Amino acid sequence: MTKVVIDTNILFSAILNTSSKIAQLILLGSTYYQFYSPDYVVQEIIDHKPKILKLSKLSEKEFEDVYKLLTYNVQIINRSLISDQLIDQS
């Protein structure tokens, strides 16, 4: 199984357009991929929630539903467990 790291921009994009290829990959690709994301992604999405709501025209409830669906197959990793060397490689 291939490991894939999802950053804030990818998740942001997937929330804005759930029918996009990347959103569909996150939603349906868990058979072939293991998705990971650093824990700060959660805070960044919360920080940008007003912008996401405005751009997507989603209601609060719809946003929550989409967010839960997209992150269901994403393992959130504590940033302190990721080496600085590995972060610098990306």
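Which residue in β3 does P38 stand opposite? I looked up P38 and found I77 in β3 opposite.

**Ground rules**

I am working with a predicted model, in which local features need pLDDT of at least 70, side-chain atom pairs count only at pLDDT 80 or more, and totals for chains, interfaces and linings use all residues. I number residues from 1 along each chain as its sequence is written, and I note that side-chain values use heavy atoms, with hydrogens and water left out.

**Overall make-up**

I counted six helices and three strands in the protein chain. I take helices (H or I, at least four residues) and strands (E, at least two) as DSSP runs numbered from the N terminus. Read from the N terminus on, the elements run β-α-α-β-α-α-α-β-α. I then checked burial: of the 90 residues in the protein chain, 30% are buried. For this I use under 20% relative accessible area for buried, over 50% for exposed, and partly exposed in between, with a 1.4 Å probe and protein chains only.

**The sheet**

I looked up the strand order next and found an open sheet of three strands, β1-β2-β3, with parallel pairing. β1 (2-5) and β3 (74-77) are at the edges with a single partner strand each, so one side of each has no neighbour in the sheet. From one strand to the next, the twist averages 30 degrees. I take that angle between axes, which are lines fitted to C-alpha atoms (for helices over the stretch in contact), with angles from 0 to 180 degrees between N-to-C directions.

I count two strands as paired if DSSP finds at least two bridges between them. β1 and β2 are joined in the parallel sense over four bridges. In that pair I noted K3, whose bridge partner in β2 is Q34. Strand β2 (residues 33-38) also runs parallel to β3, with four bridges between them. There I noted Y36, whose bridge partner in β3 is Q75.

Y33 is also in strand β2. I recorded Y33 as partly exposed, with a relative accessible area of 28%. Y33 and K3 are 30 residues apart in sequence, yet their C-alpha atoms are 5.7 Å apart in space.

**The cavity**

How many cavities of 30 Å³ or more does a search of the whole structure find? I found one. The largest cavity holds about 50 Å³ of space. I use a 1 Å grid over the protein atoms alone: a cavity is a set of points where a 1.4 Å probe fits but cannot get out, and lining residues have an atom within 4 Å of a point. Grid points are joined across faces, edges and corners, and the volume is the space filled by probe spheres set on the points.

I listed the lining of the largest cavity as I6, L11, S37, V41, V42, Y67, T71, V74 and I76. At least two lining residues come from each of α3 (40-47), α5 and β3.

I followed up S37, which is in strand β2. S37 has a relative accessible area of 3% and is buried. The S37 side chain reaches the backbone oxygen of I6 at 2.7 Å.

**Two helix residues**

I10 is in helix α1 (residues 8-16). I have I10 as partly exposed, at 31% relative accessibility. From I10 to A23 I read 8.4 Å, C-alpha to C-alpha, across 13 residues of sequence.

L27 is in helix α2 (residues 21-28). L27 counts as partly exposed at 25% relative accessibility. From L27 to T71 I read 8.4 Å, C-alpha to C-alpha, with the two 44 residues apart in sequence. T71 had already come up in the lining of the largest cavity.

**A backbone angle**

Where is K57 found? I placed K57 in the loop between α4 (49-56) and α5 (60-71). Most residues other than glycine have a negative phi. K57 is not a glycine, but I read a positive phi of about 60 degrees for it. K57 is exposed, at 71% relative accessibility.

Notes:
1 Å grid on protein atoms, 1.4 Å probe; cavity = no way out; pocket = protein on both sides within 12 Å on 5 of 7 lines; lining within 4 Å. Polar contact = N/O pair within 3.5 Å; in protein donor to acceptor, adjacent residues only side chain to side chain.
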